[in-house]
Amino acid sequence: MVGSIGGIVMQFEWFVDWLAGVPDWIYGIFIWIWGLLHDIIMWVWDWIFILWGLIIDNIVFLFMSVVFPGLVFLLFTLIFIVWWTRKLWGRIHARRGPVHLGKYGGLQIFADAIKLISKEIIIPNNSRRWMYRFLPGLLLVVVLVPFAFIPWDPVWFIADLSVSLVLVFAFLTAVPVISLLAGWISGSKYSLIGGFRAANNQFAAEIPMIISSVGPAMLAGSLSLMGIAVAQASVWFIVLLPINFATFLAASIASVGIFPFDAPVADSEIIFGWRTEFSGVYFTLTYFAEFAEQMLYPLLMVTMFFGGFYGLPFIPGYMNFIIKFLIVFFFFTLVSSSFFRFRQDQIVHYCWKYLLPLSMLNVVIAMLAIVYIPGLAPLLAFAGG
Amino acid sequence: MSGTAFARMIVNKYQEVEPKLLTDEKVDLVIPASLIRDVVHLIEESYPLIFPEIIMGLDLEDDKYEVIYIFWSRETNFLCQFRVLLEGATPVVDTISDIFPGMEWHERETCEMFGIDFKGHPDLRLLLLPDELEGKYPLRKRFKTDRSRLSESGLPQPKPRPPRGGDSQ
Amino acid sequence: MSPDILDEAVELWFGPQHVSAHGWATKLTLVGDYIVECDPNAGYFHRSAEKCLEFRTFKQGSLILERLCMLEAFLAEYPYLSAVEQIAGLEVPERAKIMRTIMMEACRIHSLQFWWGQFSAELGMFTMTLWPWIDREYFLDAFEELTGSRHAAAYGTPGGVKYDFTEKSVKVLEHAIAHMESQMPKFKDMILHNPSFKVRTKGIGQYDVKQGLKWGLSGPNIRACGTPMDLRQDVNDPNLAYDMVDWEVPTFHSEDHPGESDAFDRMVQRFLEIEASVKIIRQLLPLVPDGPIVDPKARAKSNRLPAGEAYGRIEGTRGLASVWLKTTDKAQSPYRAKIRGPCLNSYYSLKHLVPGSKFADFIVIFGSLDPYPGWWDR
């Protein structure tokens with residue numbers, strides 16, 4: 001019987017061998033998993049190294065574009081501008097503006113922003129939902145991008161392209177198109193009327209504004225905002241081109257859509273124009289986009305006409321810029337509170353009949369001045385041509 | 001033309017017109033419903049800058065109504081009041097809104113408050129009343145507004161008041 | 001949304017929920033930017049004042065009238081009181097007559113200041129909204145000093161007035177008037193000489209006197225056309241003191257279009273009205289005699305009135321307001337009280353004035369006619 005038992009054992013020997021090798025096999029699987037994990041971690045770690053390297057290489061740029069004079073600085077300036085406008089309008093109206101929250105009402109805007117963000121979002125049935133959610137954010141982004149090209153300081157600036165003036169205007173031209181779209185998709189007749197008026201405003205006001213900016217560009221001999229600012233080292237362009245400044249001011253007030261040219265958002269005729277149906281977060285975004293645009297035009301005016309960062313020599317360049325910006329913004333607000341609202345066709349009428357010929361005349365005068373006045377070229381740091 | 005002269009002219013022309021009051025400053029005439037348009041034409045021709053003040057209805061009980069027209073002429077300081085007596089459940093009188101367009105809404109209001117139909121009026125929709133009061137003619141004396149007889153007016157019942165102040169249902 | 005949207009007729013409800021629609025809903029039919037048809041709809045404010053008056057005593061009735069137009073509370077309650085006084089045979093003492101007239105003119109000034117603010121807000125200039133309203137606060141202080149209430153003060157009573165002038169209340173009133181006069185040149189500069197205002201209002205909503213009268217317009221809307229139609233001088237009311245004063249009806253004669261008035265003219269007209277009111281008040285203030293402020297027989301007589309009919313009228317801020325009253329014998333409340341509000345015809349006239357103008361002019365036309373929904377809806 002031993003032989004038969006041995007025969008049975010011998011028949012299962014391959015099974016026994018296999019059983020003997022199972023721990024090895026399990027060990028092999030663990031080794032394989034461990035290797036896989038190791039490869040993944042090394043791959044992720046490599047990427048972290050690459051990104052960190054990128055950040056370290058560009059740390060200055062990132063700091064400038066995110067903190068100062070980039071996003072964080074812009075947001076705080078935006079909040080300051082809203083507060084300033086409300087206080088200034090209050091004082092013009094012989095009242096006080098916000099007084100309760102914070103000293104002089106400084107925290108009021110934070111409170112308003114928090115309140116608005118927490119409000120219920122009501123989307124009308126007739127509107128297109130995904131565009132309704134998407135457009136206010138797009139509007140804010142489009143309005144905030146041109147701030148990257150403003151030459152705050154010879155050292156502290158974010159970016160400088162050789163055609164940054166044109167790029168800024170390209171972005172600003174998109175704003176009324178977004179307004180028209182926003183009015184269209186809101187699904188209400190009042191918004192539609194407001195959207196059409198915004199498109200009409202663009203048609204009327206942006207053309208004289210862009211033509212008015214050609215004068216400083218020609219005198220500086222460059223289309224970049226940094227170049228225009230640098231060219232005013234010895235004399236500011238407001239001295240050389242005062243009428244140009246006036247047309248640019250009028251055209252930019254019309255382009256932003258602030259009183260007296262706020263027919264697209266006339267709140268006694270079409271409730272709130274193309275912004276009527278937006279509520280909650282979306283309203284906050286459009287509201288801040290409007291103020292950001294209002295901030296952008298005085299910045300452009302300071303760059304092109306008031307010498308940018310040149311000024312008092314004992315304070316840094318960006319402080320000069322900010323002080324001049326505040327003065328121009330004060331003037332901006334003052335002008336806009338003294339006039340009754342124009343009707344839309346009257347806006348088109350005035351822009352095309354008065355602003356446009358005047359700005360073209362400015363361009364011609366600037367051209368002739370450059371060619372024929374001999375003392376002009378040495379005044380400018382970049383010899384114009 | 002002074003007030004008395006004008007009133008005499010009308011009385012001589014249309015014998016059915018009864019004068020109730022005749023002074024130079026105020027004239028009050030009772031005019032049959034069929035003649036109101038002619039008289040209003042007369043007053044418009046005699047006084048080119050006459051000011052139409054009121055058209056109002058008056059509910060004398062038992063289905064008798066009066067429509068009162070008041071005109072004022074500033075140049076001669078003359079206030080002219082016409083009364084038209086109407087009877088019946090659905091009284092009818094001609095409209096004068098084509099002669100004096102400003103009276104169009106006065107007639108519309110009289111129609112919805114009293115149920116007096118103005119023949120020839122371009123637009124007799126409800127002016128001031130909400131839709132549920134159409135046909136109820138609230139200014140008639142039989143339209144009761146005390147709560148005990150609310151069911152007669154056809155209006156929906158209000159929510160029951162809580163028995164004690166402070167408890168709400 | 002079809003591409004021919006600009007050629008189709010679009011119906012737009014300038015509806016009850018709108019920033020500058022103070023209680024009206026107008027159905028506008030627009031083609032492009034032009035209004036083709038205008039269908040005004042009243043009735044959003046209707047509080048059945050006429051029916052309510054039939055269940056109130058004669059002393060309570062004036063409170064309802066006051067609340068029809070809160071801004072001109074002193075003026076609005078007068079037609080009813082005048083009609084009651086006519087039926088009851090009450091004689092208003094001299095002191096009450098003059099006090100009534102003074103307070104009515106002060107109310108007129110304050111109501112016009114409110115209108116400026118509202119009209120400027122509708123035109124998009126908030127500076128000129130708040131400046132008149134701040135000066136209006138001085139008038140409201142004067143009303144509060146006299147009666148204890150800023151707006152609807154229940155000042156009048158059949159046969160006289162309820163609150164007597166004190167030295168302090170007269171001083172506060174004089175201070176309000178002096179302050180306003182000092183601000184008038186500034187207002188004139190900001191509004192009348194402002195080129196954007198002229199551009200916005202000249203030629204808008206133009207009509208001539210005959211058309212205006214046919215539509216039933218009265219008050220400053222007709223006086224701006226050059227016709228001095230003013231009940232204060234045309235009719236000698238024995239219960240008011242306008243005949244004691246030497247004044248001229250404020251009338252604006254336009255040079256561009258004599259006999260017609262547009263929105264700009266109506267604005268100028270209202271400046272002239274304020275100047276006339278100030279003149280009246282200044283002349284009347286020293287003339288206030290001593291004496292009772294209410295007819296001594298008023299208490300007995302104004303409880304139950306004899307049968308009669310009366311028609312009381314007043315030149316309100318917005319036009320001619322009146323109350324036709326009928327009483328039965330020994331009644332405690334009127335049999336029928338019909339209230340005529342001047343703004344009913346203002347709102348009606350939009351049907352004819354507005355078609356043909358641009359959409360943005362609708363609010364200019366309507367605002368320049370000084371609408372107040374309490375007066376047309378009652």
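This is a predicted model: local features need pLDDT of at least 70, side-chain atom pairs count only at pLDDT 80 or more; totals for chains, interfaces and linings use all residues.
In β4 of chain B, B:Phe71 is the bridge partner of B:Pro52. β3(B) and strand β4 (residues 64-73) of chain B run antiparallel and are joined by nine bridges. Both belong to an open sheet of five strands, ordered β1-β2-β5-β4-β3 in chain B, with mixed pairing. β1 (18-22) and β3 (51-60) of chain B sit at the edges, each pairing on one side only. From one strand to the next, the twist averages 15°.

Helices pack on this sheet too. Helix α1 (residues 3-13) of chain B touches β1, β2 (26-30) and β5 (78-87) of chain B, and its direction makes about 15° with that of β2(B). Helix α3 (residues 104-114) of chain B also packs on the sheet, but its contacts are with β3 and β4 of chain B; the direction of α3(B) makes about 10° with that of β3(B).

Stepping back to chain B as a whole, its secondary structure amounts to four helices and seven strands. Read from the N terminus, the elements go α-β-β-α-β-β-β-β-α-β-α. Chain B has 169 residues, and 36% of them count as buried. Looking at contacts in chain B between residues at least 6 apart in sequence, 46% join residues that are at least 24 apart.

Now for how the chains meet. The model scores ipTM 0.88 and pTM 0.84. Two pairs of chains are in contact, and chains A and C are the pair that shares the most contacts. Chain A and chain B, on the other hand, do not touch: their nearest C-alpha atoms are 25 Å apart. As for confidence in chain C, its mean pLDDT is 88, with 98% of its residues at 70 or more.

Where chain C meets chain A, 23 residues of chain C and 24 residues of chain A take part in the contact. On the chain C side, β1 (9-14), α5 (94-122), α6 (127-147), α8 (195-201) and α15 (359-368) each supply at least two residues. Sorted by class, that side of chain C has 14 nonpolar, six polar and three charged residues.

C:Phe197 is found in helix α8 of chain C. Leaving out residues up to four places away in sequence, C:Phe197 touches A:Phe340 and C:Ile191. C:Phe197 counts as buried because 21 other C-beta atoms lie within 10 Å, and 20 or more are needed for that label. The C-alpha atoms of C:Phe197 and C:Leu123 are separated by 8.5 Å, although these residues are 74 residues apart along the chain.

Helix α15 of chain C, another contributor to the side that touches chain A, also packs within its own chain. The axes of helix α12 (residues 263-284) of chain C and α15(C) come within 9 Å and cross at roughly 35°. This crossing of α12(C) and α15(C) is left-handed. C:Ala263, C:Arg266 and C:Met267 make the contact from α12(C), while C:Val364, C:Ile365 and C:Ser368 make it from α15(C).

The contact between chain C and chain B draws on 27 residues from chain C and 20 residues from chain B. On chain C, the elements giving two or more residues to this side are α1 (49-53), α9 (209-215), β9 (320-327), β10 (336-340) and α14 (343-353). α9(C) gives the most, with five residues. The side of chain C that touches chain B comprises ten nonpolar, seven polar and ten charged residues.

β9(C), one of the elements on that side, has a strand partner in chain C as well. Strand β8 (residues 308-315) of chain C pairs with β9(C) in the antiparallel sense, over eight bridges. Within this pairing, C:Ile314 stands opposite C:Ala321 in β9(C). β8(C) and β9(C) form a hairpin with four residues between them, and C:Gly319 in the turn has a positive phi of about 150°.

Note on methods: Residues are numbered from 1 along each chain as its sequence is written. Chains are lettered from A and ligands numbered from 1 in the order in which they are written. Two residues are in contact if their C-beta atoms, placed from the backbone, lie within 7 Å. Ala, Val, Leu, Ile, Met, Phe, Trp, Tyr, Cys and Pro count as nonpolar, Asp, Glu, Lys and Arg as charged, and the others, Gly among them, as polar. pLDDT is the predictor's confidence in each residue, from 0 to 100. Axes are lines fitted to C-alpha atoms, for helices over the stretch in contact, and angles run from 0 to 180 degrees between N-to-C directions. A crossing is left-handed if the near helix is turned anticlockwise from the far one by less than a right angle, and right-handed if clockwise. Two strands pair if DSSP finds at least two bridges between them. A residue is buried if 20 or more other C-beta atoms lie within 10 Å of its own, exposed if 12 or fewer, and partly exposed in between; C-beta atoms are placed from the backbone.
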